[in-house]
Every structure is written in C-alpha cells, then in structure tokens.
Amino acid sequence: MDRLSEVLSSEEFCVTAVRGLSRQDVLGRLGVTAGEELPEYRIDNGAEHLGMDAWAVRLYEPPGSEWFYLFDVNGHEGASHKALRRLSQGAEAVSVWSLLMSTTHVTQARDGEIVATCSTWLFEPASGPDPDRLNGALERAGFFREDEDESEEGFDDARAALEAVEEEFHWRVEPGAVEGPLPTVIVPVHLG
C-alpha cells in the first residue's frame, strides 16, 4: 500500500473516501442501481469515454481496508456537501479536491453532518462543529503558518492536504490499482 499523493495530479482531482459502508451501500446512497458488471476505466481515460457532463466515479475498495474510495472522473461533485451528507449517514466520509492548482477543499462528514471543512484559498483553519482533528492534520502538513517567511517556497497545497488526510485517516492505496482500470459508474445528478 502507498499514497494517493503519488498517483493523483496536483492540478485537478477529487477523491472521497467512506468508512463504514459496503460497496452496495455506497452505490445505493448515490442512487446507482448497477449490476455486478461495471465498465472499467483508467485514471487517464474515463472522461474521454463518459464525457464531461455526467458525474462519474471510479470505485476502489482495497482488500482489508476500512475505507471505500470514490474518484471523480471529472469535476468535484463527490466533494459537494449534499453528497457527503448522504454518504456519511451512519458512517464517516472525507473528501479532498483540488481545482487547477487554484484552491483545495478538504471536508469531513460524520453521521450525515459536515463536521469540518477547509478551503485553502481562504488561508484559514477548517470550520464546523468539530474541526480539531482536520485542523491538526493540516497544521502538521504545513498549513496556517503565521510567519510567511517560514512557509516553504513552492508549497503544493493540494498535495499537502491530500497527504495530511492520508496520514490522519490512515488512507492507503495501491498506486497501480488506482491508476489502472477501476469499476466506474455514472451517478444521477440529483441525489434527493
């Protein structure tokens, strides 16, 4: 097992992980009714096959892991508060997305509620009813430094945020599996 930060581009990605749900539970919460056979796409070719308009996610369930991962094929719908509330009912969900190296968002949801959310664009700690765990992880990764002279030149906030979440929530993946073909579903736009 290794790190997602070695696989995902800093330019644009959205990964959401859910703890405490099976694959069928996750698909059901997304409103997806899928049979056993799902098309598989690599990290670099899903959008060309599925288009840019539909919300599609690649599914990854590492053996023995407590986390189930969803990689948005394009966009960042998986990081929407509506999706995270739905996915986290009776469970926990954490999402990290970066948009063209302009901003990175990290959100943690538990039991259907957003408990912490942070936008690196704002240069402020995470807010929400329970931000301490997320803020601690982000601080250890180099965020929220008061003295700008201490900040590293060329700090990659997308990579740093992803590494912070990986460390704090014990996300571990097989890079080859994440880059390679994964079962992929198109998610209905309206989750209800």
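User: What makes strand β2 (residues 40-41) and β8 a pair?

Analyst: This is a predicted model, in which local features need pLDDT of at least 70, side-chain atom pairs count only at pLDDT 80 or more, and totals for chains, interfaces and linings use all residues. Residues are numbered from 1 along each chain as its sequence is written, and side-chain values use heavy atoms, with hydrogens and water left out. Strands pair if DSSP finds at least two bridges between them; two bridges join β2 to β8, so the two count as paired, and they run antiparallel. Within this pairing, Y41 stands opposite L182 in β8.

User: Why is strand β8 (residues 182-187) called mostly covered?

Analyst: Five of the six residues in β8 are buried, where buried means under 20% relative accessible area, exposed over 50%, and partly exposed in between, using a 1.4 Å probe and protein chains only. Across the protein, buried residues make up 48% of the 192 residues.

User: What makes a stretch of this protein a helix or a strand, and how many of each are there?

Analyst: Helices are DSSP runs of H or I with at least four residues, strands are runs of E with at least two, and both are numbered from the N terminus. The protein has six helices and eight strands, following the pattern β-α-β-α-β-β-α-β-β-β-α-α-α-β along the sequence.
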